[in-house]
Number of protein chains: 2
Amino acid sequence: VGTKESVARPADAMDEERSVIIAGFGRFGNIVGRLLRANGVRPTVLDNDSDRVDVLRKLGLEVFYGDATRLDLLHAAGAGEAHLMVVALESSEQNLELVETARKHFPQLKLLVRADDRFDAYRLLDEDIEHVYRETLDTALTAGVDALCHLGFRRFQATRSANKFRCHDEAALRELAEMRHDRKQYMNHARERIRFLEETLQAEHEDTGERDAGWDVESLRKEYGDE
Amino acid sequence: VGTKESVARPADAMDEERSVIIAGFGRFGNIVGRLLRANGVRPTVLDNDSDRVDVLRKLGLEVFYGDATRLDLLHAAGAGEAHLMVVALESSEQNLELVETARKHFPQLKLLVRADDRFDAYRLLDEDIEHVYRETLDTALTAGVDALCHLGFRRFQATRSANKFRCHDEAALRELAEMRHDRKQYMNHARERIRFLEETLQAEHEDTGERDAGWDVESLRKEYGDE
């Protein structure tokens with residue numbers, strides 16, 4: 001497993017360490033930050049929940065206490081020199097405020113922004129934010145893949161289907177963001193998109209000619225009967 | 001792309017269609033349900049937000065209006081014969097209530113349960129729920145993978161790292177659930193687990209001997225300077 005010194009890290013790690021800011025270290029930012037750290041990247045973390053900051057520090061994580069929407073704090077955190085900021089504050093309003101500040105004062109920052117849901121994502125797309133993460137999307141797809149597997153689908157097939165679903169849905173999100181102020185047009189397009197997605201994915205199953213051994217009710221009964 | 005008739009579906013589709021119930025069709029259940037439909041599975045969907053049910057029906061989705069924690073409604077939805085239920089109600093309290101009812105009256109149902117966060121997951125693990133989904137976990141990992149890629153990591157490497165992170169974190173979740181009522185033991189173990197995970201993942205980078213071309217500050221500056 002090797003020694004600490006030989007861990008693959010950039011030569012000028014100090015510069016690198018200052019290159020990522022994580023604003024908000026709740027259930028979302030926390031996971032992003034820990035994944036980065038586990039890969040040798042040490043982000044600058046800001047959080048304004050003092051109890052949480054206290055607990056996180058006791059867990060050995062470096063977190064600065066403060067309101068990430070404040071310009072002076074962003075300067076102090078190195079936002080002027082950083083490459084990337086993960087925007088994961090508690091509320092979508094705070095996220096939007098931070099996005100606007102970052103856009104104005106730190107135009108070099110690439111922004112990865114947490115969104116509550118589809119409608120929150122629309123507002124971020126209005127601000128020309130490219131990297132928007134509807135916070136429950138991927139987990140719901142994971143649950144969907146597991147459900148399909150329990151029903152007898154092969155995991156590979158189910159995962160591929162979820163990846164395609166995600167691509168289609170992200171494309172639909174961008175189209176629907178544009179037309180959402182015309183309710184009738186919006187509903188028509190959303191309905192069409194849902195139908196299109198279903199037909200496309202089902203047609204793909206067909207093309208691959210794949211049928212799963214477990215995919216019949218009798219074997220399902222057996223499987224579940226054993227539990 | 002073929003005709004509707006040739007789509008791969010189980011021979012006794014009617015039985016199959018009744019085999020999945022989705023309780024709650026908000027941002028989480030909605031995605032699960034649409035992924036299932038796109039794979040030819042038609043779940044029975046219950047939701048007790050009448051406005052949402054109205055909109056979803058206009059979008060062409062079949063949703064029953066009603067409170068999924070009510071035993072009579074669960075019977076009517078076919079919970080007695082179903083194989084699988086996705087539990088994705090609005091609040092974690094409602095989810096827990098439904099889990100208890102399902103456990104008591106429909107012991108054959110496999111339950112896939114949405115959790116708000118780590119602490120909500122602990123409570124579900126207390127109820128011996130095997131399939132618990134912390135609702136923002138996978139999306140946060142997706143954002144983390146994207147962040148690593150922007151920093152010059154290869155996507156394959158970053159994705160593999162995220163998968164390992166997830167496995168470790170799920171294992172840690174189960175261990176920590178057991179010891180959470182002893183705060184000192186909990187904090188010590190959590191701290192150890194975080195450090196162990198970081199060291200393990202970094203050691204793996206080392207073992208593979210992988211270094212990324214873009215993974216130095218100079219090339220990062222070039223990349224971001226171009227935008």
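**Exercise 1. E198 of chain B**

Task: Locate E198(B) in the predicted model, decide whether E198(B) is buried or exposed, and state which residues E198(B) touches.

Solution. 
- Step 1. E198(B) is part of helix 9 of chain B, which covers residues 183–208.
- Step 2. The relative accessibility of E198(B) is 9%. Buried means under 20%, so E198(B) counts as buried.
- Step 3. Leaving out residues up to four places away in sequence, E198(B) touches R37(A), A38(A), R42(A) and L61(A).
- Step 4. For a distance within chain B, take A158(B): 40 residues separate E198(B) and A158(B) in sequence, and their C-alpha atoms are 14 Å apart.

**Exercise 2. S161 of chain B**

Task: Find the helix that holds S161(B), classify S161(B) as buried or exposed, and list what S161(B) touches.

Solution. 
- Step 1. S161(B) sits in helix 8 of chain B, residues 155–179.
- Step 2. With a relative accessibility of 5%, S161(B) counts as buried.
- Step 3. Residues up to four places away in sequence are not counted; S161(B) then touches L35(A), N39(A) and L201(B).

**Exercise 3. E100 of chain B**

Task: Describe where E100(B) lies, how accessible E100(B) is, and how far E100(B) is from R154(B).

Solution. 
- Step 1. Helix 5 of chain B, residues 92–105, contains E100(B).
- Step 2. The relative accessible area of E100(B) is 43%. This value falls between the cut-offs of 20% and 50%, so E100(B) is partly exposed.
- Step 3. E100(B) and R154(B) are 54 residues apart along the chain, and 44 Å separates their C-alpha atoms.

**Exercise 4. D128 in chains A and B**

Solution. 
- Step 1. Most residues other than glycine have a negative phi.
- Step 2. In chain A, D128(A) belongs to the loop between helix 6 (118–126) and strand 6 (131–134). In chain B, D128(B) belongs to the loop between helix 6 (118–126) and strand 6 (131–134).
- Step 3. The relative accessible area of D128(A) is 61%, so D128(A) is exposed. D128(B) has 61% relative accessibility and counts as exposed.

**Exercise 5. A helix pair between the chains**

Task: Describe how helix 7 of chain A packs with helix 2 of chain B, and which residues make the contact.

Solution. 
- Step 1. Two packed helices are described by the angle between their axes and the distance between the axes.
- Step 2. Helix 7 of chain A contributes L137(A), A140(A), L141(A), A143(A), G144(A), V145(A), A147(A) and L148(A) to the contact, and helix 2 of chain B contributes I31(B), V32(B), L35(B) and L36(B).
- Step 3. Sorted by class, the contact has 11 nonpolar residues, one polar residue and no charged residues.

**Exercise 6. Helix 6 of chain A and two partners**

Task: Describe the packing of helix 6 of chain A with helix 5 of chain A and with helix 8 of chain A.

Solution. 
- Step 1. Helix 5 of chain A (residues 92–105) packs with helix 6 of chain A at an angle of about 10°, and the axes are 11 Å apart. Helix 5 of chain A is therefore roughly parallel to helix 6 of chain A.
- Step 2. The residues in this contact are S92(A), E93(A), L96(A) and V99(A) from helix 5 of chain A, with D120(A), R123(A) and L124(A) from helix 6 of chain A. By class, three are nonpolar, one is polar and three are charged.
- Step 3. With helix 8 of chain A (residues 155–179), helix 6 of chain A makes an angle of about 65°, the axes lying 10 Å apart. The crossing is right-handed.
- Step 4. Here helix 6 of chain A supplies R118(A), A121(A), Y122(A) and L125(A), and helix 8 of chain A supplies D169(A), L173(A), R174(A), L176(A) and A177(A). Six of these residues are nonpolar, none is polar and three are charged.

Notes:
Residues numbered from 1 in each chain as written. Chains lettered and ligands numbered in written order. Predicted model: local features only at pLDDT ≥ 70, side-chain atom pairs only at ≥ 80, totals over all residues. Heavy atoms only, no water. Axes fitted to C-alpha atoms, helices over the stretch in contact; angles between N-to-C directions. Helix = DSSP H or I, 4+ residues; strand = E, 2+ residues; numbered from the N terminus. Contact = heavy atoms within 4.5 Å. Nonpolar A, V, L, I, M, F, W, Y, C, P; charged D, E, K, R; others polar. Buried < 20%, exposed > 50% of the residue type's maximum accessible area, 1.4 Å probe, protein only. Left-handed = near helix turned anticlockwise from the far one by under 90°. Parallel < 35°, antiparallel > 145°, perpendicular 65-115°, else oblique.
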